[in-house]
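Here are my notes on the entry, as numbered points. Please read them with the model open.

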Amino acid sequence: MDFLMSGLAACGACVFTNPLEVVKTRMQLQGELQAPGTYQRHYRNVFHAFFTIGKVDGLAALQKGLAPALLYQFLMNGIRLGTYSLAETKGYLHTAEGTVSPVRSAAAGALAGVMGAYLGSPIYMVKTHLQAQAASEIAVGHQYKHQGMFQALTEIGQKHGLVGLWRGALGGLPRVVIGSSTQLCTFSSTKDLLSQWEIFPSQSWKVALAAAMVSGIAVVLAMTPFDVASTRLYNQPTDAQGKGLMYRGILDALLQTARTEGIWGMYKGIGASYFRLGPHTILSLFFWDQLRLFYYTYTK
């Protein structure tokens, strides 16, 4: 049940935040490996990107890649939060004094995140391809011509086999390790502190909400450079063997981005990342906490 509730919580959050994921993906690909000021900026900021995509591609384009996004969230977070929840329930995350150990919490979050992200990597790659697809006048990054999730997975599998489907998977792991460990560690620790300080009533939904808000800020700051590099690794064009033509790996992507676009290039789309990750973290952790509370209240 932990795995099911975790997956459902993430899907609930995803429906609301997917348009921001589309905006974030396009802003991260804009001006790829081009010096600032040498390319046309189709998307000036989060709000301008929303307006531009809605106007040129149509409002439905703001929910591009929703099917793979939901499937990825269910798989990735079902495994991630479910595994973490099991570790928490068994008491592995607590010290001898009974408080949450930040080190154990971060390690459990990272390990659970790696498992979920690696298994869901082909879905995430297709999601990135679909969300980057745009009308030629506002297109950024390499443009794949997929018709949908299943067609894309089938085509990549037939052309490049399992290696092609898991292309970029290892490059995506640092993003998840940092994001997942930061998110779950700060969420659990903040929740623990708020309960100790008795700022809100015990078992109040406000405790989970406040903890998730703190967690969202920490995740965005720690994860964005790796998120930019991961998006570019997944979306780069490939040769006949399915090997990427622009980047050799995550470190190469980070170095090339920093060299050509400067340090701010590594933080492209941070506004969209915050507006997406903040609410997504808040909603998924809030839904997860409330579903668990509901389940344990009415089944025991």
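1. Which backbone oxygen lies 3.2 Å from a polar atom of the side chain of threonine 186? That of glutamine 183. Keep in mind that this is a predicted model.

2. Threonine 186 sits in helix H6, which covers residues 169–197. Leaving aside residues up to four places away in sequence, threonine 186 touches Ser215 and Ala218.

3. Now the fold. The protein has 9 helices and 0 strands. Along the sequence the pattern reads α-α-α-α-α-α-α-α-α. The radius of gyration is 19 Å, close to the 19 Å from the globule rule for 300 residues, so the protein is as compact as a globular protein of that length.

4. Overall dimensions: the C-alpha trace spans about 55 × 40 × 35 Å along its principal axes.

5. Of the contacts with a separation of 6 or more, 79% are between residues 24 or more positions apart.

6. The surface comes next. The accessible surface is about 13700 Å². Carbon and sulfur atoms account for 67% of that surface.

7. Last, charge. There are 24 positive and 15 negative side chains. The centres of the two sets lie 4 Å apart.

Note on methods:
Residues numbered from 1 in each chain as written. Predicted model: local features only at pLDDT ≥ 70, side-chain atom pairs only at ≥ 80, totals over all residues. Heavy atoms only, no water. Helix = DSSP H or I, 4+ residues; strand = E, 2+ residues; numbered from the N terminus. Rg over C-alpha atoms; globule rule 2.2 N^0.38 Å. Contact = heavy atoms within 4.5 Å. Areas by Shrake-Rupley, 256 points an atom, 1.4 Å probe, with all protein chains shown as cover. Lys, Arg positive; Asp, Glu negative; His and termini not counted. Charge placed at Lys NZ, Arg CZ, Asp CG, Glu CD. Polar contact = N/O pair within 3.5 Å; in protein donor to acceptor, adjacent residues only side chain to side chain.
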